[in-house]
Amino acid sequence: MVTRIYSHPIYLEHITPPGHPERPDRLRVIERVLDDEKFAALDRVQAPEGDPATILYAHPQSFVDKVHAAIPETGIQRVDADTTVSPKSWQAALTAIGAANAAVDDVFAGRASNVFVASRPPGHHAEKSTAMGFCLFNHAAIAARHAQKAHGAERVAIVDWDVHHGNGTQHIFWDDPSVLFCSTHQMPLYPGTGAKDETGVGNIVNAPLAPRTGSDLFRDAFRTRVLPAVENFAPDLVIVSAGFDAHHLDPLAEINLTEEDFDWATGQLMESADRHAAGRLVSLLEGGYDLHGLAFSVAAHVGRMMKG
Ligand SMILES: [Zn+2]
């Protein structure tokens, strides 16, 4: 079986202000690095537009309406201190959701063994009724619910290795034992949540990392906190909130991972997915703001996914 990748030109049309780290060039460098011959076997598919009704899996209608109403006809509109929308942002966000849901459909239908979604805007900071941290809607949360509603998944594990805590995903599933949320992230750092003692109903596992943590301590945290939780949970699907801003080159944080760490972590989660979820793994792009660090890391991550 193949590794599938979803992308769409609309993702480049979610425009952020000049100098903003979450910018269209992020996807351009990913496309370029995956153009290499060694990725020739990737099954490249244009992302479908999402069904707006699926946004309601994670967000109330009043919030959906609020985001929709904020979309400007021209220029850029601010919705949070560092989150903005432009005229095509609605369609970009909806297509990010469409790709995440389609990726879930693919792994359950056996069209792909695993899928990477290269989309913008990211999603893991979006809480039920709050757009924040460059995120409008929480596509990982929506995809997890889609797996439950459309494919009868009983347990979905979301593993978030973005350097920032996935506060939105934690918020959405705080009291839901059918979804496991595990996060490694720098602490202290934006958004400030993600302490070890935030455990929900036993379904939240936070592994905060001190600034300047490198490969060894990251792998320790993954080995001792994240992987045992996933093993114990025995998910029907593994979703990765794949941010690559814990790379040592990233300007937004101070964790010193290399692309080899993302290769390793990917392999570990694939083994868990093989044991419990017939290999079903869906990876959604979150952060990653140094263009070289991002490109190298995505190449390592997707390269490992393709090894099956
Ligand atoms: Zn991040």
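Me: Buried means under 20% relative accessible area, exposed over 50%, and partly exposed in between (1.4 Å probe, protein chains only). Is Arg-212 buried or exposed?

Reply: This is a predicted model, in which local features need pLDDT of at least 70 and side-chain atom pairs count only at pLDDT 80 or more, while totals for chains, interfaces and linings use all residues. Residues are numbered from 1 along each chain as its sequence is written, and side-chain values use heavy atoms, without hydrogens and water. Arg-212 has a positive phi of about 75 degrees although it is not a glycine. Its relative accessible area is 62%, so Arg-212 is exposed.

Me: Which residues coordinate the zinc ion?

Reply: Donors are N, O and S atoms within 2.8 Å of the metal (3.2 Å for Na, K and Ca); water is not among the atoms, so sites may look incomplete. At 2.0 to 2.8 Å, the zinc ion is coordinated by two OD atoms of Asp-162, ND1 of His-164 and an OD atom of Asp-245. The residues are Asp-162, His-164 and Asp-245.

Me: Why is the arrangement around the zinc ion classed as it is?

Reply: Four donors count as tetrahedral if all angles lie between 85 and 135 degrees; four count as square planar and six as octahedral if opposite donors are over 155 degrees apart and all others between 65 and 115; anything else is irregular. The four donor atoms here subtend angles of 52 to 155 degrees, so the arrangement is irregular.
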